[in-house]
Amino acid sequence: MINEAVQLRVEKTLSFVPEGNVISYGLLADLCGLPGRARMMGKCLQEIETDCNWHRVLRADGKIALPSGSDKAREQRERLIAEGVEVKRSRVNMKNFGWTPDIHTILVLSLIHISEPTRPRLISYAVFCLK
């Protein structure tokens, strides 16, 4: 069972991902202040009961992580297509549809729900994005 505070972080972070864009589990974990915890994000999304744009989260290679042919995989594919995301063979081109938050968004997220020890990593990511 995932901590409620982590679930709230995930829901809040996913609310920033714009329609028509996707995010990897790893980047979601980083933006939630939980670097290296991509698998935790998957577990968390399984447990969240609200509609928190879970369909916008994919593996780093752009592939839908859910079992191929499952109802949830079909739903994710359909929801992505409805938002204008091209899905080919259960995969999305992350270069075309992957979301890269701007510096403002990263700083807002860090102020909203990121613990103090994690802020330097997010700020480093923000500086990297500016280059």
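User: Which residues in α3 do V6, Q7, V10 and L14 in α1 meet?

Analyst: First, this is a predicted model: local features need pLDDT of at least 70, side-chain atom pairs count only at pLDDT 80 or more, and totals for chains, interfaces and linings use all residues. Residues are numbered from 1 along each chain as its sequence is written, and side-chain values use heavy atoms, leaving out hydrogens and water. Helices (H or I, at least four residues) and strands (E, at least two) are DSSP runs numbered from the N terminus, and contact means heavy atoms within 4.5 Å. With that in hand, the α3 residues that V6, Q7, V10 and L14 meet are M40, M41, C44, L45 and E47.

User: Are α1 and α3 roughly parallel or roughly perpendicular?

Analyst: Axes here are lines fitted to C-alpha atoms, for helices over the stretch in contact, and angles run from 0 to 180 degrees between N-to-C directions. The two helices pack at about 90 degrees, with their axes 10 Å apart. Under 35 degrees counts as roughly parallel, over 145 as roughly antiparallel, 65 to 115 as roughly perpendicular and the rest as oblique. So α1 runs, relative to α3, roughly perpendicular.

User: Which elements do the buried residues of α3 pack against?

Analyst: Buried means under 20% relative accessible area, exposed over 50% and partly exposed in between (1.4 Å probe, protein chains only). In α3 the buried ones are M41, G42, C44 and L45. They fall within an arc of 165 degrees (taken from the directions from the helix axis to the C-beta atoms), so they line one face of the helix. R39, K43 and Q46 are exposed on the face turned away, while the buried residues pack against α1, α2 and β2.

User: Which residues does L45 touch, not counting those up to four places away in sequence?

Analyst: L45 sits in helix α3 and counts as buried because its relative accessibility is 13%. I2 is 43 residues away from L45 in sequence, with the two C-alpha atoms 9.5 Å apart. Beyond its sequence neighbours, L45 touches V10, L14, Y25, C52, W54 and V57.

User: Is R56 buried or exposed?

Analyst: R56 lies in the loop between α3 and β2. Its contacts beyond four places in sequence include V17, P18, L80 and E83. Because its relative accessibility is 6%, R56 counts as buried.
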